[in-house]
Amino acid sequence: MTEGAQHRPVEGYFAGREHRLPLRVYFEDTDLSGVVYHANYLRWMERGRSDMLRLAGIDQRAAHEAGEGAYAVSDVSIRYKAPARLDDSVVVASRLIAIRPASCRIHQRVIKNGLILAEAEVTAVFVSPSGRARRQPAGWVVAFERLVWQDVGPDEHGGQD
């Protein structure tokens with residue numbers, strides 16, 4: 001039996017250089033007050049980054065299994081602006097804003113109907129199996145260079161999705 005598109009997980013899509021991952025807020029995402037628990041925004045952003053990399057041609061699993069290394073988040077700064085609630089539809093928008101030999105910086109937003117609910121800047125470092133920073137695979141850097149937002153500034157982080 002061949003698996004069709006309806007059996008594959010949602011990976012989001014690229015709109016230009018920005019990756020967008022639509023998500024639904026489930027009961028498990030909320031706290032007793034009925035709003036999304038703060039740590040779940042970070043989980044959603046992790047999914048957005050992982051799917052962005054996958055769609056860009058980055059095979060993190062293969063690199064890890066080959067003993068090359070894996071990404072580790074070295075820094076994250078997040079700002080919460082408005083809550084998401086049960087059954088809301090949100091979009092995690094991810095933009096690669098800087099690439100260095102051993103790391104990348106990604107700006108992410110969780111958006112509902114054009115309103116930014118949370119935004120973060122994440123630095124991910126490529127580390128060897130021993131945990132030391134090392135250069136990313138050359139093919140990854142090439143893939144990233146096609147996605148980098150050269151002119152991302154405060155005015156570029158608008159809530160449009």
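Ser128 lies in the loop that runs between strand S6 (115-127) and helix H3 (138-145), where helices (H or I, at least four residues) and strands (E, at least two) are DSSP runs numbered from the N terminus. The model is a predicted one, in which local features need pLDDT of at least 70 and side-chain atom pairs count only at pLDDT 80 or more, while totals for chains, interfaces and linings use all residues. Residues are numbered from 1 along each chain as its sequence is written, and side-chain values use heavy atoms, with hydrogens and water left out.

**Surroundings of Ser128**
- Ser128 counts as buried because its relative accessible area is 14%, given that buried means under 20%, exposed over 50% and partly exposed in between (1.4 Å probe, protein chains only).
- The side chains of Ser128 and Ser130 are joined by a polar contact of 2.9 Å, a term for a pair of N or O atoms within 3.5 Å in which, within protein, one must be able to donate a hydrogen and the other to accept it, and residues adjacent in sequence count only if both atoms are side-chain atoms.
- When residues up to four places away in sequence are not counted, Ser128 touches Glu68, Gly69 and Arg134, contact being heavy atoms within 4.5 Å.

**Helix H1 and what follows**
- H1 has 18 residues and spans 27 Å from its first C-alpha to its last, close to the 26 Å expected at 1.5 Å a residue, the expected span being 1.5 Å times one less than the number of residues.
- Among the buried residues of H1 are Tyr41, Trp44, Met45 and Leu53.
- Leu42 also has its place in H1 (residues 38-55), but Leu42 counts as partly exposed because its relative accessibility is 33%.
- Just after H1, Gly57 takes a positive phi of about 95°.

**Positive phi in loop residues**
- Most residues other than glycine have a negative phi.
- Asp87, in the loop between S3 and strand S4 (89-99), has a positive phi near 75° although the residue is not glycine, and Asp87 is exposed, with a relative accessible area of 51%.
- Asn113, in the loop between strand S5 (103-112) and S6, likewise has a positive phi, near 50°, in a residue other than glycine, and Asn113 is exposed at 73% relative accessibility.
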